[in-house]
Amino acid sequence: MPKIILRNVSKTFKTKSNNKTVLTDINLEIADRSFTILTGESGAGKSTLLNIIGGLELPTTGEVIIGEKNIENLSAQERTSFYRHEVGFVFQGFYLQPQLTVAENIALPGVFANIEKSESDARVAELAKMLGIEEVLDRKPESVSGGQVERACIARALFMHPKIILADEPTNNLDPMNAQNVVNLFREVWEKTGSTMVIASHDERMFRAADRVLHVAYGQVHDITGKEFPGVNTGDGGTDETITTPEA
């Protein structure tokens, strides 16, 4: 049974001057424990689609079903609680609160969920060990490396033991070596946690790590898994002439 189902999902942004429709009647199923990439040109709607899956935006029309829950049928309070426990989000830029230690940043979701300190400390220790950042837990973000910040942000997304992990352009603006490190890290986390992972990215390194690639364009979503896809951004200032996405 698919973990995530979208039925006839459309999204229109309304302004004073006009309306802009970025997604039109999307029907999509994402299987449990799969690793899916949403790719497409800037402004195509991949981040909007990711935000709808993650509950940060509601569709204008259509249904979002996660597990067996139809999100539309939940109250605002129920929806907040559901996403807090079921979905971990890694935002673009890998931002940590500068006034907090790495450990305190990782534990932030537990503060909002009223997790007891002993349980929170145990979860932080577990995640820090898994991601190799035990030695920097007491430091402020400014005194740790960029790679350690990235790992701390992923640990924060994993804090509530979510079944779904979402990430928006995690390799954006990174040099090739660090971008590959981030790709490897997400693949490692996916393999260790058995989560359902959905990442918005135009970086072909991510294509190779995933088991499914979806192309978002002109309001529609097309499965390009196992197909050649010309002109994909490599993230290092150029494009490959032809990329072959993973086989289904």
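Reader: Let's start with a pair of side chains. In which helix do Arg187 and Glu191 both lie?
Author: Happy to! In this predicted model, Arg187 and Glu191 are four residues apart, about one turn of the helix. Their side chains meet in a salt bridge, at 2.9 Å from N to O. The helix that holds both, spanning residues 176–193, is α7.

Reader: And how many salt bridges does the structure hold?
Author: The pair Arg187 and Glu191 is joined by a salt bridge. Counted over the structure, the number of salt bridges is ten.

Reader: Thanks! How are α6 and α7 oriented to each other?
Author: Their axes lie 11 Å apart, and the packing angle is about 30°. Angles under 35 degrees count as roughly parallel. With that cut-off, α6 and α7 are therefore roughly parallel.

Reader: Is the crossing of α6 past α7 left-handed or right-handed, and which residues make the contact?
Author: The crossing is right-handed. From α6 come Glu150, Arg151, Ile154 and Leu158, and from α7 come Val182, Leu185, Phe186, Val189 and Thr193. By class, the residues of this contact are six nonpolar, one polar and two charged. So the answer to the handedness part is right-handed.

Reader: Which residues in α6 do Leu127, Met130 and Leu131 in α5 meet?
Author: The crossing of α5 and α6 is right-handed. By class, their contact has six nonpolar, no polar and one charged residues. On the α6 side, Leu127, Met130 and Leu131 meet Arg151, Ile154, Ala155 and Leu158.

Reader: Moving to the strands, which ones stand at the edges of the open sheet?
Author: The six strands have the order β6-β7-β8-β3-β9-β10, with mixed pairing. An edge strand has a single partner, so one side of it is left without a neighbour in the sheet. The edge strands are β6 (87–90) and β10 (220–223).

Reader: In what sense do β6 and β7 pair?
Author: Strand β7 covers residues 164–168, and four bridges join β6 and β7. Val90 stands opposite Ala167 in β7. The sense of this pairing is parallel.

Reader: Finally, which strands does α6 lie across?
Author: Helix α6 runs at about 160° to β6. The strands that α6 lies across are β6 and β7.

Key: Residues numbered from 1 in each chain as written. Predicted model: local features only at pLDDT ≥ 70, side-chain atom pairs only at ≥ 80, totals over all residues. Heavy atoms only, no water. Helix = DSSP H or I, 4+ residues; strand = E, 2+ residues; numbered from the N terminus. Contact = heavy atoms within 4.5 Å. Nonpolar A, V, L, I, M, F, W, Y, C, P; charged D, E, K, R; others polar. Pairing = 2+ DSSP bridges. Axes fitted to C-alpha atoms, helices over the stretch in contact; angles between N-to-C directions. Salt bridge = Lys/Arg side-chain N within 4 Å of Asp/Glu carboxyl O. Parallel < 35°, antiparallel > 145°, perpendicular 65-115°, else oblique.
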